[in-house]
Amino acid sequence: MSTEAKQAAKPPAYGAGAPDKDAFTGRNGVPLYTRNGNQNDYRTYEVYQRERVKEATDKIRPIQLISPEFIKNPYPVLEILRENYPFYRDWLGNSFWVTRYDDVTSIFTDDANFETRPKRWFYGIEDLGRDLGEAVPLLTAQATRIDANVERIAREIVGGFKDNGGTDLAIEFAARLPLELLACVLDLPKDDFPKFVDRYWRMQRGAMWEPKSRQAGLGAIQELVEYFRPMLAARRANPGDDLVSAVTMLDPDGGPATAEDLVVTLLEQDHETLHGALANMWFQLLTHQDQLDLVKRERRMVKFAYLETLRHSAPVLTANRFARHEVERFGRLIPIGALLHCSAAAANRDPRQYKDPDRFIVGRKDLCQREPRGQYRADGLPAGVALGLGKPSKHPAVPEDRPRSLYAITRDTATTASNVLLDMAPDIRLKPGATPALRSLRLGEMHTCWNLPVVF
Amino acid sequence: MNTEPFASVFARAIGADAGEAVEKAADGDFQDIFPLMPVGQRVDMGTAPDGTPLIDPRIFFSAEFRRNPWPYYRLMRDHHPVYFNQLNNTYYVTRYDDMTECYFDDIGFNTIPKGSSNGVLGNVTHELSGVEHRRRRNLFGQHLVGKALENRVPAIERLAQEMIDDWSHVDAPWCITNGNVRTIELGQAFADAFPVRVVCDVLGFPKEARGNFVYWYNSIMSGLGASETHKQGMEARQHLEDYVESIVEERRARPTFLYDNAGRNIGKDIISKLCESQVDGDYLSTEEITALIALVVAGGGETTRGTLMNMWYSLLQKPDQAEAALADEDMWDAVFHETLRHSNPIGGQPRHATFDVQIRGTTVPAGSLIEMVNFSGSHDERIFHDADNFNIFRPDLYTGKLLRSGYRKEGKCSHMAFGVGPHMCPGAWISHQEAVIGSKILSRTMKNPRINRDRMPKDIDGVSLAPIGINKTRELWLDYDLA
């Protein structure tokens, strides 16, 4: 190992390149493996402090965290963790669970010590392309087209089912609206929509532990790249105000943007929050008649219904963070590379922050009612943790040089669409006899309502 | 213009049935996703477009895997030699050559931080690395090898003989005499208690501690999994620590000694030795001594018990091999090693990547947990011909003196049950003595031993005996002739 390598201060952030490489030839000449890192990180002493009897974690079995019950309703188990083992070592899943509000937000805002690994990493395709999602022209194109079209699209969608006397709101409204919006942002030909939906969802669902979905997702990514390649060339010659055109006009480091970059950018975007928030919000309103009446009476309450939904029934339950290096937190030494499950679902129902946290209360007084800046609190109140929206924006609420934050765009989109629904179907109610419920389709996926039959 | 309704487009896109299997799956068994297959066959978990068979990580939680793991390990070795299990956040290394490589590189693949013992064992030696590990390991390891071990052989023989002699005048459900035939359950009659007694004796604990010993041992073992029994394990660990503390205080003042069968003083016992040992100029703390002892307690019991049970269960299902072993006591070494190769009681050893490392094309980030699957390494057909078959006559398995410095000798390879390299099981030599001496004495006592099939659990066909899989034989009913 070279001297410079020994002097290299810290391993780089994930994917930031290699300070040095050591190649090893096996003693049998068989496996050749390469090391990539800093010899100084080697240590000989123990990291885990021995727990004493009072620290026994006998109120939970680790298998409960992957059980079918947990996939349907994670809240009871998360409560056990939050109230007993706020920093729980999941022996089976080789990870830690962080469940209290202050702890979860402290991890999310600590980029120096904890990193996110992109969906590309789980796919094993880090080299496919660049994530351009932070480029301002892209954000602008996205915001402009969403703001210009959301009301029209919502009207078209609701108009499509309003006269049928009823519909499945979870699919026809909550699932459909974000996809129609995305197609609009990308300015896709109408005929391509079904095919795009198919590929987009396969791509998003594949970044998970399930091997068949992953294969399907890898296929979808290839198909999307092939689909966007000619479109990118065409828009480069003849640009519009859509996201694809914006991508062609970018000049990122490492050469002009490619179809791969566009697909990677789409992959790394949140695909769950708007969908899940709409479905969960309407699920909660339709199953809480008093809250629905309140929202109907005072339309300004729609926004608060949305905010309360993200707190009470977060669609994205958990975000993963990996320790960049050894760091002491919560009374423990967290080793390098450790996986932390930061549970928004548990944090959002932390009784230390919210009174009566398991109740859905539109306009509750202890929830931050506006977009917080740079931290998870404003006006002395905690905001709900919504993982798909990223960290609270540090830019002004109405910035001059860039579009509004994802927090604001998503909130306004959900509010506008819900207002359209209330305008066009004011007597909307749950189909008699229906018993909708929230659940994830699979471990680690969006927790939302997949069937919400309504009548008008 | 495409007019397909959105609902059907969306249902296809998310694969509407994909989530159902999860919901139906029974807690921790997953039998409706992974039905129990005939031994040697496996559930089809799908195929990638390039033809590579896929692995659903839930298989590792399934009942099917526990009883019939070998086809799945083969799948991993052949197609996913470094497999990332996202549900467990763990990488698995499954080929013999790859894991031996990693075992010897204790800088690149360190043993910390592991926390696998979950606080129940304490900060045990095997979770240290490098020089810290070497110093502590040698402190107690030296008592379990070479001359020190030879000195203990007569005591091991005596303990085994005592237990077997007890059968003649015992009245227990595990020992039934019917005319000339006696039926015993080997576990309760011998294997459960024998290793614990040996460990108790080796550590120099007084005989009165034996009862406590079983309590410590059982509680600590069941507490390792960090579930409902976690607290019980921690309490037992605390109780053990309190007990050791009192003994240590005593022996620091008045060391006790070991004596051979002729009554000659052959040196201080382990605890007395540990009391006067220093590391880095510090005397070992009581906590450190307890951690060493807890490791001997936990490591020296269940493993040897499982080995004894698996040895007899596997051997007696192969009549020709049983005949050879019962006719020639020297064959027991081969039975011991072949059992440990074929169905060893310890599945694997965890390591952590010290650096970002690339093995067989898979990039493993620094800090990741990498499980060296000893089970799989011992069944690697690149090393052992017809590896899934139990055969004490196999020519490719090294059965000589245990090797610490290597794993290949005389053109043969050793099994992976003890691991290799700096962390090779320090109890390997004594467990070998226990299992072989115990089996020899058992074979002298039991004439014409055979499995009582009526009392044994059956496989899914209802006829053949249940496979061992990655479990250990829980009970083993044997018939033998008294004269």
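## Model and conventions

Two residues are in contact if their C-beta atoms, placed from the backbone, lie within 7 Å. This is a predicted model, in which local features need pLDDT of at least 70 and side-chain atom pairs count only at pLDDT 80 or more, while totals for chains, interfaces and linings use all residues. Residues are numbered from 1 along each chain as its sequence is written, and chains are lettered from A, with ligands numbered from 1, in the order in which they are written.

## Overall build of the two chains

Chain A contains 16 helices and 16 strands (DSSP runs numbered from the N terminus, helices being H or I of at least four residues and strands E of at least two). Its radius of gyration, taken over C-alpha atoms, is 23 Å, close to the 23 Å that the globule rule gives for 456 residues, so chain A is as compact as a globular protein of that length (the rule is 2.2 Å times the number of residues to the power 0.38). Along the principal axes, the C-alpha atoms of chain A fill a box of roughly 75 × 65 × 45 Å. Where contacts in chain A join residues at least 6 apart in sequence, 67% of them link residues at least 24 apart.

For chain B the secondary structure comes to 17 helices and 17 strands. Buried residues make up 48% of the 483 residues in chain B, and of its contacts with a separation of 6 or more, 67% come from residues 24 or more positions apart.

## The five-stranded sheet of chain A

Chain A holds an open sheet of five strands in the order S3-S4-S10-S7-S5, with mixed pairing (two strands pair if DSSP finds at least two bridges between them). At its edges are strand S3 (87-90) and strand S5 (114-115) of chain A, each of which pairs on one side only. Within the sheet, strand S7 (residues 318-323) and strand S10 (residues 339-343) of chain A pair in the antiparallel sense over five bridges, and A:Ala319 stands opposite A:Cys342 in S10(A).

Helix H4 (residues 101-108) of chain A lies across strand S4 (95-98), S5, S7 and S10 of chain A, and runs at about 125° to S10(A) (axes are lines fitted to C-alpha atoms, for helices over the stretch in contact, and angles run from 0 to 180 degrees between N-to-C directions). The loop between S3 and S4 of chain A carries A:Trp91, which is partly exposed because 19 other C-beta atoms lie within 10 Å. The C-alpha atoms of A:Trp91 and A:Ile63, 28 residues apart along the chain, are separated by 9.5 Å.

## The five-stranded sheet of chain B

In chain B an open sheet of five strands, again with mixed pairing, has the order S1-S2-S13-S10-S3. S1 and strand S3 (109-110) of chain B stand at the edges with a single partner strand each, so one side of each is left without a neighbour in the sheet. S3(B) runs antiparallel to strand S10 (residues 349-353) of chain B and is joined to it by two bridges, with B:Phe109 opposite B:Ala353 in S10(B).

## Helix packing in chain B

Helix H11 (residues 230-253) and helix H13 (residues 286-316) of chain B pack at an angle of about 115°, with their axes 9 Å apart. In this contact B:Arg237, B:Leu240, B:Glu241, B:Val244, B:Glu245 and B:Val248 in H11(B) meet B:Thr286, B:Ile289, B:Thr290, B:Ile293 and B:Ala294 in H13(B). The residues of the contact of H11(B) with H13(B) divide into six nonpolar, two polar and three charged (Ala, Val, Leu, Ile, Met, Phe, Trp, Tyr, Cys and Pro count as nonpolar, Asp, Glu, Lys and Arg as charged, and the others, Gly among them, as polar).

## Positive phi angles in loops of chain B

B:Asn89 has a positive phi of about 55° although it is not a glycine, and B:Asn89 is found in the loop between strand S1 (82-85) and strand S2 (90-93) of chain B. This residue counts as buried because it has 21 C-beta neighbours inside 10 Å. B:Arg360, also a residue other than glycine, has a positive phi near 45° and lies in the loop between strand S11 (356-359) and strand S12 (362-364) of chain B. With 14 C-beta neighbours inside 10 Å, B:Arg360 counts as partly exposed.

Methods:
A residue is buried if 20 or more other C-beta atoms lie within 10 Å of its own, exposed if 12 or fewer, and partly exposed in between; C-beta atoms are placed from the backbone.
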